[in-house]
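The following exercises ask you to read a structure step by step. Try each task yourself before turning to its solution.

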Amino acid sequence: FVCLFQNDSTDSPQSYLDVSCYSMSAATAAYMLFCPDCVSPIESSVLQSPVFTKQPGSIVFPVDSQENNRDVVFSCEAQGSPSPLYRWKLNGTAITPKSGSHYSLSGGNLRISHLNKDQDAGTYQCLASNSFGTIVSREASLTFAYLGNFKTHRRNSVSVREGQGVVLLCGPPSHSGDLTFSWIFNEYPSFVKQDTRRFISQETGNLYIAKVEPSDVGNYTCVVTNTVTKTRVQGPPTPLVLRSDGIMGEYEPKIEVQFPEIVHVAKGLTVKLECFALGNPVPSINWSRVDGIPFSRKVDVRKASGVLEIPYFQQEDAGTYECVAENSRGKNTVKGKLSFYAPPHLIEKPEDVQKPIDDSLVWECKATGKPKPSYRWMKNGENLESLEERIQVANGALSISRLTLSDIGMYQCVAGNKHGEVYSNAELRVIAVAPDFSQNQLRSPTMVKEGGDVLIECRPKMSPWGVISWRKGSEALRESHRVSILDNGNLRIQNSTRPDAGLYTCVARNQFGVASSSGTLMVKEPTIITTAPSTLDVTVGESIVLPCQVTHDPSLKLVFTWFFNEQLIHFGNHGGYFEKVGGQHSAGDIMIRNIQLRHAGKYTCAVQTKVDSISIAADLVVRGPPGPPTSIHVEEISDTTASLSWRPGPDNHSPITTYTIQARTPFSLGWQAVTTVPEVVGGHSLTATVIDLSPWVEYEFRVLASNAIGTGEPSKPSKQARTKETSPKVTPANVSGGGGSRSELVITWEPVPEELQNGGGFGYVVAFRPSGATGWMQAAVPSSEASKYVFKNESIQPFSPFQVKVGVYNNEGEGPFGPVITIYSAEEEPGRAPTRIRAKSLSASEIEVSWKALPWNTSKRRVLGYEVSQKREKEEAASVQRTVGNQTSAIIRGVRGSNTYYVTVRAYNTAGAGPPSVTVNVTTKKPPPSQPPVKVMWNTLNSKIILNWEQVKALENESEVTGYKVLYKRNRHSRPSVMETNTTTVELSLPMNEEYFIQIKPFGEGGEGSSSRQITIPRIPGQSIVDCSLTLQ
């Protein structure tokens, strides 16, 4: 043990002595004592107990007589400071490497040279030690694999009948390590192939033939291979011959290869079960679980070779398996149980701990495994014996009470069952330390409000825990009903007063030393809220100030915090509703602007200083329009009425005075107010009847509540409800007709809207009769969307008057007819053509056509207007334009210059067009000049604008220029004024205080030509002369 003494005082060498003691090896202790600057035992992070980083694994060594000098190495590495030292054990006995020994150490690795399988085979363990203790590695085995030779004597012949089963024995030689078996038939490399009739057991090596055939006669040689050494040996051949005394008859299966009654299988391994039978006929092999559970997909059943293979064995694979061998003569069965086992696996491990001397320790160690693991504990590489009552081991848990320095060391929990062991390491450090306040000085100053309670903590580091005492000033502190020293050494003062202020010192002692720490206690004036609790009442949209006034100790800083319904208010958020307005140091008032209903609730002002915190709450009641009613139900509905019920929403602190009901249909523009009974629904009513509804229409209803403050939000809509059907009441509008083909009476109307049809199966009844007749003819039109009915009869005279009325019906019956109107039957097209057709060219793009009109109304052949058609030579289709009324001329525009057009005219009415007139032709004039005026120049003199331009010359195929049009306007969007001239100059008398836009066009008999570029003449104030020219190319 090494103890270090520390003294921070230079005045009194014998006072406040700190002592710390540690357990370590003598070499480590000497190193630290004589090299104090190299390492400090206080810095425990520098020192480390041993921890394995690499542990030995089991080795199977192949024996080869040709190489006797082979070595093996068991690896072992551990971390630790000081660096660990290593030892090894073989079968629990220490190995002592000596000079000339075939054992040698390199670091922690053990090398074994000149292996001897009789001496070196066994179980090895590595031990790693430093000043903190010793740990033991897991066990690692060394085994030797070899394969001997068969005995060389000759084997006797095996004589069997045809159809009989036979077993040829392999009898493998002495060996170590796993073997595989195969058989040679007659000569290498002819190997026996396994099938339903032949089977080679990989357990015994024997060859089984279920039913011998003549082709099986020959020599059979067993071949054995060691899977570790990869060596292979062959046995002596066994001749198989047939007996000559007959053929073996049929017999039931006899199972010759069967698995044990109980097979123990480790978790995760692959298990193979063998089953094969002799018999005639050749038996079939089938596998199953006795409990009836089907095989999982991973199970491989090789029926041809009689092997059941289960890879990655798990708990659910355990159970009883059955092999059934069956042929036509009978069957035989064998059963065996697969038992699951698992080596131990740690699920709870002990951790490194550091405990004060005299303290207690409990380490838990738990592991899974099957069978259930047992536990033992080791200390420094040796089994821990519970020789002392204070050390107990129970169910894997290690407990040590009243820890001493001798308990320091490395501990290992070993969990094991018959299938293996697992190790877990942990270090126990026991600390003995003199009192030390360097990490936990008394807080100074400590503040408390007058009348309050205060706890002054005293938390020195010391081990074991010693005695705590207190001083105030230089005097020992006396305890009273207000002042008490707690069991943990802390000082509590209740109902503090001004005289309690002062300097307090905590003194700690144990057998290793004494230490103290001091701090000042300050007693402050308490904080008091002077604002009285209140309940405030406001209306939506108003603003209000919530006061929070206090008195407090002037030396302390105040912090105001506000809460709304116990949630912190973040000023600047919440949409800007909340604002701090308390400008005084002792005021924390806030303002709520434009109050909404959601702002109603509990507001808390919390005031905090370094010594105390208090709060006050105010309830804010916000009055506003009522909330939306709920549970809107249509209780009863007829064709024009609906009875509604609802539940009231919150009145928001102002009684509900009235309810308003609104309705919506697929045909309405949003929500509409409806008529109710009673007409005014009072605030205490929760039912009403809506009247004047349309039959057979789907309605939604909602309810709005009102109070003295206003009308609230509407309720959610009710479920859709359809009013009942009734006979229709509305007739079609705009009944008219006429036209159509010969012998037809065409009647048209506007369909009745769906919301006015009052029911399904809606249609129309069309009634008509010739004028002067007494009886009505009727026709039903069974479509609600129909808008036309055509009656055709060869007896109908053209343009005959008929009286017509249109009615309605639906599934509930017939409705009324509309008013009677007069409609004419279809007329005949005009029978004559217009005469005196004249056509002349007005310009290159216009033709004027005139004709003599036909009588306007001659018997049944009216004339409603005329069709004028024109086309150029060799054109198929003609262009047609219509006139209306008794017009006798028309202008055709958009034609081409210098082209010949053929023109006809015919009259038309509702029945169509009459015969065409004679065709006349007309040649249009040459096109107007295509060149615009160029070299346009302008100047102003007094109130005149003088324009000059170059004369435009027409091309050969263009009409001659006969004059020019000057277009001028005051702004871009006004209509231009026009002046015509037959010269290339013009004077415009215009006010000069305006801006003008001017264009010039040439014209001739072919029409107007191309315009010059637009000229802009700016506003020119005063009387002056301005010259400007613009040349346009």
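The mean pLDDT of the protein chain, where pLDDT is the predictor's confidence in each residue from 0 to 100, is 88, and 92% of its residues reach 70 or more. This is a predicted model, in which local features need pLDDT of at least 70 and side-chain atom pairs count only at pLDDT 80 or more, while totals for chains, interfaces and linings use all residues. Residues are numbered from 1 along each chain as its sequence is written, and side-chain values use heavy atoms, with hydrogens and water left out.

**Exercise 1.** Find where pLDDT stays under 50.

*Solution.* Begin with residues 4–45, where pLDDT stays under 50 and the model has 69 contacts (heavy atoms within 4.5 Å) beyond four places in sequence. Continue to residues 1023–1033, where pLDDT again stays under 50 and there are 29 such contacts. Where pLDDT is low, the predicted coordinates should not be read in detail.

**Exercise 2.** Describe the surroundings of Arg 769.

**Exercise 3.** Which backbone nitrogens lie by the side chain of Thr 723?

*Solution.* Start from the position of Thr 723, in the loop between strand E68 (721–722) and strand E69 (733–737). With a relative accessibility of 2%, Thr 723 counts as buried. A polar atom of its side chain lies 2.7 Å from the backbone nitrogen of Trp 696 and 3.0 Å from that of Val 697.

**Exercise 4.** Describe how the rings of Trp 749 and Tyr 764 are paired.

*Solution.* Rings of Phe, Tyr and Trp (its six-membered ring) pair if their centres lie within 6.5 Å, and planes under 30 degrees apart count as stacked, over 60 as edge-to-face and the rest as tilted; by this rule there are 23 aromatic pairs. Trp 749 and Tyr 764 form a tilted pair, at 5.3 Å centre to centre and 50° between the planes. Trp 749 lies in strand E70 (residues 744–750) and Tyr 764 in strand E71, so the pair ties together parts that are 15 residues apart in sequence.

Technical notes:
Helix = DSSP H or I, 4+ residues; strand = E, 2+ residues; numbered from the N terminus. Buried < 20%, exposed > 50% of the residue type's maximum accessible area, 1.4 Å probe, protein only. Polar contact = N/O pair within 3.5 Å; in protein donor to acceptor, adjacent residues only side chain to side chain.
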